[in-house]
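Here are my notes on the model you sent over. Have the structure open while you go through the points.

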Amino acid sequence: MVCLITGSSRGLGRAIALAFGNRGEQVAVHYKNKSSEAEEVASQIKDSLILKADVRDFNRVKTLVERVINKWGRIDVLINNAGITKEALLIKTTEKDFDDMVNTNLKGPFNFIRTVGRHMMKQKSGHIINVASFAGVKGKEGLSAYSASKAGLIGLTKTAAKELSRYNIMVNAVLPGYMLTDMGTEANERAKERALRESLVKKFSEPDKVAEFICYLSETTGITGQVFNLDSRIL
Ligand SMILES: NC(=O)c1ccc[n+]([C@@H]2O[C@H](COP(=O)([O-])OP(=O)(O)OC[C@H]3O[C@@H](n4cnc5c(N)ncnc54)[C@H](OP(=O)(O)O)[C@@H]3O)[C@@H](O)[C@H]2O)c1
């Protein structure tokens, strides 16, 4: 299978790229800034391609997808994982920060689904998995732009599932849970404490475990339009 994982230089995306790589799949490793991290991930995968693009830029995404098609001729799995967050109360959130989060976390996946979707339609098969967030379902103080972008991503997931199921393309979202990646570690202590307090098993999520679930989901048939919560916080 040819797998394209956005934001796979670090964190959850890295774990997903390595999980697919360990299964012997062909993996397109994508990043924005951290080229040496992306190279390190790709070096551990037998058949890989390294791609740089800002997910906010439709034309760059289009060129990136063409490179994957030129190399392997198809895309079987698209994981929309790249994302950013920045904490601030709603009334203190700047227009720039709001636009950055919505453009990265929501428009980015739109850019990829619109571009990769055409190839999957021709193939009459494909899996698209969008990495959303608990915050997108429940809302979270201090994360209005992030929560809004992830809520939008869930709406995008369900609509894409409805439009693409006739082409045998499955589109789902996962809520990975709080992970101690760069994103999770850089958040303030209150956010970590809150996640643990809400967790019934008092644990953070592990990127490797989330990646295993995503690999499993990408091999299923007949599951689409769903949102999977992968921790013990109750929705
Ligand atoms: N960590 C958590 O607790 C948590 C919880 C719920 C949901 N999530 C979601 O899980 C996903 C992965 O998060 P993470 O914790 O692994 O984050 P991370 O460690 O901060 O990694 C973010 C990744 O996204 C890439 N990226 C960011 N902005 C980009 C852009 N404009 N264009 C292209 N790539 C871009 C980064 O590329 P560079 O390395 O090149 O900068 C990096 O590979 C995100 O969608 C996040 O919202 C995370």
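Which residue in β4 is the bridge partner of Ile5? Ile79 is the bridge partner there. Before the rest, two housekeeping remarks. Residues are numbered from 1 along each chain as its sequence is written. The model is predicted, so local features need pLDDT of at least 70 and side-chain atom pairs count only at pLDDT 80 or more, while totals for chains, interfaces and linings use all residues.

1. The sheet as a whole. You're looking at an open sheet of seven strands in the order β3-β2-β1-β4-β5-β6-β7, with parallel pairing. Because β3 (48-52) and β7 (227-229) stand at the edges with a single partner strand each, one side of each has no neighbour in the sheet. From one strand to the next, the twist averages 20°. On terms: helices (H or I, at least four residues) and strands (E, at least two) are DSSP runs, numbered from the N terminus, and two strands pair if DSSP finds at least two bridges between them. As a reminder, strands of a sheet pair through backbone hydrogen bonds, either parallel or antiparallel.

2. Around Ile5. Strand β1 (residues 2-5) pairs with β4 in the parallel sense over three bridges. Towards strand β2 (residues 26-31), β1 also runs parallel, and four bridges join the two. In β2, Val29 is the bridge partner of Ile5.

3. The β2-β3 end. β2 and β3 pair in the parallel sense over five bridges, and Ala28 stands opposite Leu49 in β3. β2, α2 and β3 form a right-handed β-α-β unit; right-handed here says that, with the strands pointing away from the viewer, the path from the first strand over the helix to the second runs clockwise.

4. Strand β4. Val77 and Ile79 point one way from β4 (residues 77-80), Leu78 and Asn80 point the other way, and all are buried. Buried stands for 20 or more other C-beta atoms within 10 Å of a residue's own, exposed for 12 or fewer, and partly exposed for anything in between, with C-beta atoms placed from the backbone. In a regular strand the side chains alternate between the two faces of the sheet.

5. From β4 to β5. β4 and strand β5 (residues 126-131) pair in the parallel sense over four bridges, with Asn80 opposite Asn130 in β5. Together with helix α4 (residues 95-123), β4 and β5 make a right-handed β-α-β unit.

6. Lys124 isn't a glycine, yet has a positive phi of about 60°. Lys124 sits in the loop between α4 and β5, and counts as exposed because it has 10 C-beta neighbours inside 10 Å. Lys202 also has a positive phi, near 55°, in a residue other than glycine. The place of Lys202 is the loop between α8 (189-198) and α9 (207-217). Why does Lys202 count as exposed? Because Lys202 has 10 C-beta neighbours inside 10 Å.

7. The ligand shell. The ligand is surrounded by 29 residues, and the closest are Gly7, Gly11, Gly83, Thr181 and Met183. The elements giving two or more residues to this shell are α1 (11-22) and α7 (182-186). A residue is near a molecule if its C-beta atom, placed from the backbone, lies within 6 Å of it. By class, the shell has ten nonpolar, twelve polar and seven charged residues. Ala, Val, Leu, Ile, Met, Phe, Trp, Tyr, Cys and Pro count as nonpolar, Asp, Glu, Lys and Arg as charged, and the others, Gly among them, as polar.

8. Ile223. This residue lies in the loop between α9 and β7 and counts as partly exposed because it has 13 C-beta neighbours inside 10 Å. Leaving aside neighbours within four places in sequence, Ile223 is in contact (C-beta atoms, placed from the backbone, within 7 Å) with Met170, Asn172 and Leu217. Ile223 and His127 are 96 residues apart in sequence and 9.8 Å apart in space, C-alpha to C-alpha.

Methods. Axes are lines fitted to C-alpha atoms, for helices over the stretch in contact, and angles run from 0 to 180 degrees between N-to-C directions. Two residues are in contact if their C-beta atoms, placed from the backbone, lie within 7 Å.
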